[in-house]
Amino acid sequence: DSCFVLKQSGAFGVFDGVGGWAEEGVDPAEYSEKFAEKSAESAMRGTRDPVQIMTDAHASTQVIGSCTACIAVLQNGGVLEIANLGDAGAMVARSGECIYRTASQQHEFNLPYQLGWEKVYPEGDKPSAADRVEVKLKDGDALVLGSDGLWDNVPHDEIAALCAKHDGDAEACAEAIATLAFGYSCDPEYDSPFTQEARKVSD
């Protein structure tokens with residue numbers, strides 16, 4: 001996973017390199033890391049449209065690989081614009097409840113939409129395929145961005161509860177969420193959100 005956080009710009013993004021590239025001898029992290037870098041550069045140049053940020057990064061990330069992407073930009077008036085492509089994603093928590101969450105984009109189960117260098121991966125998806133949404137925020141709302149490593153393991157209501165528990169302390173909240181996700185991922189008896197979805201597909 002890679003990310004960028006631009007507090008002064010109110011722009012944030014998370015990107016997850018697709019692990020299947022490792023079978024071809026490619027480090028899956030390289031593409032997502034470069035994509036995060038190029039996304040941040042676009043935002044720092046003043047781009048406020050999250051799909052345009054994604055488009056700029058897609059055009060200038062010229063390394064082998066692919067990634068999923070979720071970019072959020074806080075606009076004037078407390079409006080959060082989110083662009084999500086693939087199975088990374090975002091949620092907004094308010095008073096211990098999840099009031100919004102992005103939907104996972106998948107061509108089929110466990111095959112997410114993904115962005116790649118068109119020269120070597122022409123079958124990849126386009127930034128224009130990203131889901132775009134606006135969420136009106138209130139004081140005290142918490143924005144959580146994560147890759148499928150989070151969403152596959154932790155239900156959204158548990159994440160919202162942790163946001164309420166660590167209200168105002170983003171670092172402590174992030175550490176608590178990551179610790180919970182890791183713990184669940186190591187528990188062979190845990191009925192994770194991913195396992196539940198897999199069961200629906202197989203039924």
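Helices are taken as DSSP runs of at least four residues, numbered from the N terminus. In this predicted model, helix H1 spans residues 28-44, and Tyr-31 and Phe-35 lie 4 residues apart in H1, so about one helical turn separates them.

A total of 6 aromatic pairs is found in the structure. One of them is formed by Tyr-31 and Phe-35, whose ring centres are 5.8 Å apart; the planes meet at 35°, so this pair is tilted. Tyr-31 is buried, at a relative accessible area of 0%, and Phe-35 is likewise buried, at 0%. A stacked arrangement is seen for Tyr-184 and Tyr-190, because their planes stand at 10°, with the ring centres 3.9 Å apart. Tyr-184 and Tyr-190 are both buried. Ring pairs also join Tyr-31 and Phe-35 with Phe-4 and Phe-15 in a cluster.

The largest nonpolar core comprises 22 residues, and Phe-4, Phe-15 and Phe-35 are among those with the most contacts inside it, as are Met-54, Ile-71 and Leu-115. At least two residues of this core come from each of strands S1 (2-6), S2 (11-17), S3 (66-74) and S4 (79-85), and from each of helices H1 and H2 (50-60). The greatest contribution is that of H1, with 5 residues.

Leaving aside residues up to four places away in sequence, Met-54 touches Phe-35, Ala-69, Ile-71, Ala-83, Leu-85, Leu-115, Pro-127 and Ala-130. Another core, apart from the largest one, has 17 residues, including Ala-93, Val-144, Leu-162 and Cys-173. In soluble globular proteins, nonpolar side chains tend to be buried together.

Conventions:
Residues are numbered from 1 along each chain as its sequence is written. This is a predicted model: local features need pLDDT of at least 70, side-chain atom pairs count only at pLDDT 80 or more; totals for chains, interfaces and linings use all residues. Side-chain values use heavy atoms; hydrogens and water are left out. Rings of Phe, Tyr and Trp (its six-membered ring) pair if their centres lie within 6.5 Å; planes under 30 degrees apart count as stacked, over 60 as edge-to-face and the rest as tilted. Buried means under 20% relative accessible area, exposed over 50%, partly exposed in between (1.4 Å probe, protein chains only). A nonpolar core is a set of buried Ala, Val, Leu, Ile, Met, Phe, Trp, Tyr and Cys residues joined through side-chain atoms within 4.5 Å. Contact means heavy atoms within 4.5 Å.
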